[in-house]
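Thanks, everyone. Let me put the model on the screen, and then I will walk you through it.

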Amino acid sequence: MAYYPTRRVTVIARDPSVQVRGALLRSSVEIPNEELQAGPRGYRVHVVDYDSSTGTLYRTLTKPANRTDGPPHDTFEKASDDELLESADFHAMNAYAIVMRTLARFESALGRRVAWSFPGHQVKVAPHAMASANAFYSPDDEALLFGYFRRPCDGRPVYSCLAHDIIAHETTHALLDGLRERYTDPSSPEQAGFHEGFADIVALLSLFALREVVERVLDPAGDGDRLSAALVETDALKKSILLGLGHEFGQELSGVRGNALRRSVTLRPEQARACDDEPHHRGEVLAAAVMDAFLNVWMGRLLPYIHEGSLDRCRAVEEGAAAADRLLTICIRALDYCPPTDLRFGDFASAMLTADWQMYPRDMKYRFRDALRCSLGRFGISAASAGREEPGTWDPPEEEPAYDRTHFEEMQRNPDELFRFIWENRRVFRLHENAYTRVLSVRPSVRTGSDGFALRETVVEYLQLIRLRASELRSLWLSRPRGMAGAQEITLYGGNAMIFDQFGRVKYNIGNSLFNRARQQARLNYLWETGFFEAASTPANRFASIHQRRMAEFR
Ligand SMILES: [Zn+2]
């Protein structure tokens with residue numbers, strides 16, 4: 001039997017509220033091909049149509065027929081809009097396809113397989129999980145749960161499993177949690193906001209690869225080969241359907257037609273600079289800054305093609321798709337260059353700049369690094385590193401570690417060998433010798449660029465953790481927050497992401513030291529001031545509670 005690596009599946013490209021010329025905006029997306037079981041159940045995604053509100057396990061999509069003469073048929077290619085909206089089978093397939101597409105996008109950017117945060121290989125996806133205007137990733141259930149609700153006006157159901165943005169956003173939470181397990185720890189407003197801002201960035205940028213959708217949304221009425229330049233101006237785009245998230249949920253919950261759940265791109269730099277510590281607001285600042293860079297690069301690419309107020313339609317869409325693809329790759333790859341604990345936006349800025357610089361040291365076409373430095377700066381985000389070789393990028397370690405007692409081959413896969421390397425070099429890497437130290441992951445990766453250039457790197461994360469009483473903080477030159485009892489137990493975190501080149505040499509050692517007094521004190525003060533130590537109980541599911549608030553929140 002011939003092997004077909006990919007297949008095409010029909011999905012709803014935004015959500016059912018977004019229609020062009022009275023029709024659903026649909027797209028055929030390319031995802032990894034596999035022999036699916038009923039559900040569908042594949043090697044990484046298992047759709048379980050269970051509704052916890054009614055206690056009903058619905059009939060699952062029957063096992064799709066396999067073919068030997070080509071990739072599987074796209075079952076819903078010819079289905080009417082009504083059939084898509086009403087078919088539970090389509091709902092299951094839509095959710096499956098978008099989760100798989102998001103996973104595949106992460107794997108292609110990182111150049112390796114990506115695991116979920118939990119021990120299992122298959123994430124469960126419940127397309128009609130609960131009668132609630134909510135959707136969330138539940139690590140405890142190893143699941144992505146999509147809710148639904150009925151519109152007050154006519155009782156028609158609104159399904160989050162039909163919203164491309166919401167599925168991509170929730171899948172990103174699950175993938176990010178697998179890549180950086182400590183980012184949900186209480187730490188700072190920026191670390192708390194990062195999950196949300198990053199998930200929104202992925203949801204927004206991944207839409208631009210669907211070229212026919214972008215074309216129809218940009219100019220719903222047009223059909224010639226030229227496009228009015230007014231349609232691709234920054235302000236017009238910021239208000240367009242392309243750059244809002246959760247249109248149907250936003251519209252139905254607010255009662256205002258066209259009201260997206262979130263539209264971070266309209267956040268002005270002066271608002272961002274005055275942003276409070278509320279984590280979701282902080283997340284929007286990051287999304288606004290990154291999307292601002294995207295729009296600037298896209299608009300810059302289009303300028304030479306504008307003649308007498310119009311430009312080639314295909315060119316406009318193609319440039320948007322290419323710029324979004326590049327920026328999405330930068331953002332996902334940047335995760336590898338971020339410290340494993342206590343992430344700040346400035347760290348992510350340096351990580352993005354480093355990720356791009358590693359791949360495209362002489363980029364004259366997009367100049368994304370210039371665009372990012374400019375947009376991030378306007379939104380009050382400065383790179384954590386000054387960058388000796390390239391502004392804003394991480395610097396190589398100042399002191400050379402010793403390699404003579406460890407084995408290169410083993411270091412590419414074995415956490416114990418890595419631990420030995422780190423431990424033997426504990427003075428060079430400024431480890432706290434009495435802290436609990438653990439290698440969290442060892443991930444060999446092959447990144448490929450648009451020109452076919454391959455960059456081989458091994459990404460290692462290690463964690464340092466120390467528990468002490470507030471009265472012992474002085475041993476680390478830290479002071480006890482005012483009012484904190486001396487007997488208060490405290491956990492401090494350090495740890496690094498270490499990047500090895502193809503020869504097994506350390507290129508970067510990016511992280512937070514337990515000895516970083518300013519950083520540790522800032523975290524401690526923030527946790528104390530926000531009542532972390534007083535909270536007797538934490539929400540059962542951090543993602544559920546976050547999204548319950550988000551779905552009801554409009555700005
Ligand atoms: Zn979220």
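I will start with confidence, go on to the overall fold, and finish with a few individual residues.

This is a predicted model. The mean pLDDT of the protein chain is 89. Of its residues, 95% reach 70 or more. Where is confidence highest, and where is it lowest? Helix H12, residues 368-378, is at the top with a mean of 97. Where pLDDT is low, the predicted coordinates should not be read in detail.

Now the fold. The protein chain has 16 helices and 17 strands. How compact is the chain for its length? Its radius of gyration is 24 Å, and the globule rule gives 24 Å for 555 residues, so the chain is as compact as a globular protein of that length. Along the principal axes, the C-alpha atoms fill a box of roughly 70 × 55 × 55 Å.

Take the contacts between residues at least 6 apart in sequence: 69% of them join residues at least 24 apart. The accessible surface comes to about 23600 Å². Carbon and sulfur atoms hold 50% of that surface. On charge, there are 69 positive and 75 negative side chains. The centres of the two sets lie 3 Å apart.

Next, the loop between helix H10, residues 313-334, and helix H11, residues 345-359. Leu 335 sits in this loop. Is Leu 335 buried or exposed? Leu 335 is buried, because its relative accessible area is 1%, and the cut-off is under 20%. What does Leu 335 touch? Leaving out residues up to four places away in sequence, its contacts are Phe 106, Leu 176, Leu 179, Arg 180, Phe 194, Phe 198 and Phe 348. Ala 497 is 162 residues away from Leu 335 in sequence, yet the two C-alpha atoms are 9.6 Å apart.

Asp 342 lies in the loop between H10 and H11 too. Asp 342 is buried, with a relative accessible area of 6%. Its partners, again leaving out residues up to four places away, include Ser 187, Ser 188 and Gln 191. Asp 347 and Asn 512 are among them as well, and so are Arg 519 and Arg 523. Gly 449 is 107 residues from Asp 342 along the chain, and their C-alpha atoms are separated by 30 Å.

Last, some backbone geometry. Most residues other than glycine have a negative phi, and most peptide bonds are trans. Which peptide bond is cis here? The bond from Gly 39 to Pro 40 is cis, with omega near 0°. Pro 40 is in the loop between strand S4, residues 26-32, and strand S5, residues 45-47.

Two arginines have a positive phi. For Arg 367, phi is near 50°. Arg 367 lies in the loop between H11 and H12. Its relative accessible area is 38%, so Arg 367 is partly exposed. For Arg 430, phi is about 55°. Arg 430 is in the loop between helix H14, residues 415-424, and strand S14, residues 436-448. Arg 430 counts as partly exposed, at 49% relative accessibility.

Note on methods: Residues are numbered from 1 along each chain as its sequence is written. This is a predicted model: local features need pLDDT of at least 70, side-chain atom pairs count only at pLDDT 80 or more; totals for chains, interfaces and linings use all residues. Side-chain values use heavy atoms; hydrogens and water are left out. pLDDT is the predictor's confidence in each residue, from 0 to 100. Helices (H or I, at least four residues) and strands (E, at least two) are DSSP runs, numbered from the N terminus. The radius of gyration is taken over C-alpha atoms; the globule rule is 2.2 Å times the number of residues to the power 0.38. Contact means heavy atoms within 4.5 Å. Accessible areas come from the Shrake-Rupley method with a 1.4 Å probe; for residues, only the protein chains shown count as cover. Lys and Arg count as positive and Asp and Glu as negative; His and the chain ends are not counted. The place of a charge is taken as NZ of Lys, CZ of Arg, CG of Asp or CD of Glu. Buried means under 20% relative accessible area, exposed over 50%, partly exposed in between (1.4 Å probe, protein chains only).
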